[in-house]
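Biologist: I am new to this structure and would like to learn how to read it. Please take me through it feature by feature.

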Amino acid sequence: MALLDSTKGTTIRDYSTDELVEQAKIMRGYDLATLCCAGSGHAGGTLSMMDIVAALYLKVANHDPKNPMWADRDRIIWSGGHKAPALYIGLAFAGFCEKKDTALLRRLSSPFQGHPHWLKLPGVECSSGSLGQGLSIAVGNALAARLDGKDYHVFCIMGDGEQQEGSVWEAAMEASHYKLDNLVAIIDNNHLQIDGKTEDVMNIEPIAEKYEAFGWELIRINGHDMKQVVFALEEAKRRKNGKPICLLCDTVKGKGVSFMENQAGWHGKVPNKDEMAKGLAELGVADKVPFEELFAHAAAYQKEVDRKLEAKMPKFSKNYWWNAQPETMQVKMKPTRMGFGESLSENGGDPRVVCLGLDISGSITISEFYAKHPERKGRWLSMGIAEQSATAAAAGLAKEGKLPVFGTYATFAASRNLDQVRVSLCYANYNVMIAGAHGGVSVGPDGATHQALEDLFAMCSLPNMMVVVPCDSVETKKATTDLLFEQKGPKYIRFAREATPIVSDETTPFVFGKANVIRFRGENTDFAKAFETKLESNYRNEHEDLTIVACGPMVPEAMRAAWILKKDFGYEARILNIHTMKPIDAEAIIRAAKDTGIVVTAEEHQIGALGWRVAGIITESPEVYGTPVLTGYIGVKDRFGDSGAPWELVKEFEVSAEHIAQKAVELMKAKKKVAERELVEAK
Ligand SMILES: Cc1ncc(C[n+]2csc(CCOP(=O)(O)OP(=O)(O)O)c2C)c(N)n1
């Protein structure tokens, strides 16, 4: 069977093997062009999958591009959501959407999110991006088919590295327990993942025997031999012997582009224009991929995104955006994550320190632990893509007196493994440091699945857990060192991927659990020098008009807001840098609330982790009873993230200085009204 017209029951088109080979080449060309256009994404694994995608979407799967929700369609679940471009191109070539629209990959509000979202694009079967969940979805889907008496098939696409997630094996067990012979797992066995060779990161072999031992039927093929691919997929649909089928496809990461083939470095990298041109030439499809048209289409879409974003930004007397004024308030930017790596590099000599890798080591800088110190390699423990087990393994190491440090995307470091963090680390009160990297919306084009916007709720809610959210790379380094050696117990440090302003230096105080006050003192060519920072306990009330309580990358935004408020409105703002969210400096918050009567909180997170905690401190403090305090919250407003450039998302999710300033002005107006009313009532 093939592409169908579901109403007439007729075949739309049946591709020959040669035609599929040709289509796969062109699809690879589109992959290069759309990735180049997006400026980020995953080249290696999308290229290794493309022959299978061509066979599945254009020939083997029963589906109808004009009727994407046709009840009898075969379901294709992409468990490895990072290969979204291959999915989008498969859909486009099958006719579910326009080919040129795949160039909208990773742009704000686009249906072509960095990781697939089924609510945005017809034909996408489920939302994914957090590895190791797809096979369970597929099991549920296959069980539903049986309950409904339907005879469609469910295909589930996974990577070989992904096999390291324990949940894959829970699903594998369920599939054979329920004899799901309507389920086909497809493994893109390209032998590479982010940190290197799968066998080095965490050996999954003997993978074929493992599936067989779990009660699956195993078919092993060359995933680039179109005849074998089509035959195996069709055979998987034919076989009905009460066993789920695992199609183990031996592939080459980066297949088709010589300089990308078998290179781990091309996992999460995209070609520049020259590399794209070279790749298209090697594939022999330069004349079949209208890359200029694709780029123009994306540019037109982007123009509209820019216009909408600009329209929704609060306006002030001039443009106060970062480095927008040529002569004044210039700031340097550096990713906060760098501070984490610098501290580990400096402090990793302590023999108690052990670092656990979760296959994202370079990007979150935890690999700095051993990068210049090969002698530390024995204390570097690669755990693969297995956040839950690694968390509990860290507990085991801590139990014996080690100082374990592990980290990954904040959403996988604090949510995926939440029960392990709760019971194995926090309840037992073990001395383990968790790095929640790439936190907040500023992680950018990867999209909602990778934007940790709820992690601080979870981490701050756990007894014994300490939580630090530093404001820049300098503070991240200090906080990492402090947490590592001075604070004993479970601890969570959260930092961002994007380069953010450096607003502190070596002399800036950092005392765990104690807030800093930051005050705008007048414009300076150097943004950081326009401010004075003091430990809050050393600060004397200056009777400011309002307070901004901020943490993490919102501290620099709060500083910029203080600048706007002073220059445009003459308002003085006291900024509290709450780098330690737990234990929080309640005294500093109470003093600020009493002194200023207005408290605006600013967090790059769902509103509440900071905002509601601060409000709670104010409302339950007898010292503030009788003092009117107006509160406002800046943060993400109960919605999931989106793909987009980091600074676009700061605007889209309304977590910029301009939004803080706007809220402060609104509260100042309210404060004045209250004062006027009180005056009238007094008369
Ligand atoms: C739960 C989870 N942990 C970590 C990641 C980050 N991540 C994205 S892709 C990837 C490597 C995947 O390797 P593999 O499954 O072999 O895919 P391929 O090499 O074929 O791209 C990792 C660790 C993630 N998306 N989800």
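Biologist: What should I know before I start?

Modeller: This is a predicted model, in which local features need pLDDT of at least 70 and side-chain atom pairs count only at pLDDT 80 or more, while totals for chains, interfaces and linings use all residues. Residues are numbered from 1 along each chain as its sequence is written.

Biologist: How many helices and strands does the protein chain have?

Modeller: Helices (H or I, at least four residues) and strands (E, at least two) are DSSP runs, numbered from the N terminus. The protein chain comes to 23 helices and 22 strands.

Biologist: What does the radius of gyration of the protein chain agree with?

Modeller: The radius of gyration is taken over C-alpha atoms, and the globule rule is 2.2 Å times the number of residues to the power 0.38. For 683 residues a compact globule would come out near 26 Å, and the protein chain has 27 Å, which agrees. Along the principal axes, its C-alpha atoms fill a box of roughly 85 × 55 × 50 Å.

Biologist: How is burial counted, and what part of the protein chain counts as buried?

Modeller: A residue is buried if 20 or more other C-beta atoms lie within 10 Å of its own, exposed if 12 or fewer, and partly exposed in between; C-beta atoms are placed from the backbone. Of the 683 residues of the protein chain, 57% are buried by this count.

Biologist: Can we apply that to single residues?

Modeller: Lys8, in the loop between β1 (3-5) and β2 (10-13), counts as exposed because it has 9 C-beta neighbours inside 10 Å. Thr580 lies in strand β20 (residues 580-582) and has 24 such neighbours inside 10 Å, so Thr580 counts as buried.

Biologist: How far apart in space are Lys8 and Tyr30?

Modeller: Lys8 and Tyr30 are 22 residues apart in sequence, with 31 Å from C-alpha to C-alpha. Thr580 and Gly552 are 28 residues apart along the chain, and 9.5 Å separates their C-alpha atoms.

Biologist: Which strands pair with β7?

Modeller: Two strands pair if DSSP finds at least two bridges between them. Strand β5 (residues 183-189) runs parallel to β7 and is joined to it by six bridges, with Ile186 as the bridge partner of Leu247 in β7. Strand β6 (residues 217-222) also pairs with β7 in the parallel sense, over six bridges, and there Leu218 stands opposite Cys246. Strand β7 (residues 245-250) is largely enclosed by the rest of the structure, because five of its six residues are buried.

Biologist: What do β6, helix α8 and β7 make together?

Modeller: A crossover is right-handed if, with the strands pointing away from the viewer, the path from the first strand over the helix to the second runs clockwise. β6, helix α8 (residues 226-238) and β7 make a right-handed β-α-β unit. Another right-handed β-α-β unit is made by β13, helix α18 (residues 473-485) and β14.

Biologist: Which way do the residues of β14 point?

Modeller: In a regular strand the side chains alternate between the two faces of the sheet. In strand β14 (residues 491-494), Lys491 and Ile493 point one way and Tyr492 and Arg494 the other way, and all are buried. Four bridges join β14 to the parallel strand β12 (residues 433-437), where Ala435 stands opposite Ile493. Strand β13 (residues 466-468) runs parallel to β14 with three bridges, and Val468 is the bridge partner of Ile493.

Biologist: How many residues surround the ligand?

Modeller: A residue is near a molecule if its C-beta atom, placed from the backbone, lies within 6 Å of it. The ligand is surrounded by 26 residues, and the closest are Gly45, Gly159, Gly161, Glu162 and Gln193. Helix α2 (residues 43-60) gives the most to this shell, with three residues.

Biologist: Where do I find cis peptide bonds?

Modeller: One joins Glu205 and Pro206, with omega about 0°, and Pro206 is in the loop between α6 (198-202) and α7 (207-213). Another joins Lys582 and Pro583, again with omega about 0°.

Biologist: What is the phi of Thr365?

Modeller: Thr365 is not a glycine, yet its phi is positive, about 70°. Thr365 lies in the loop between α12 (361-364) and α13 (368-371) and counts as buried, with 27 C-beta neighbours inside 10 Å.
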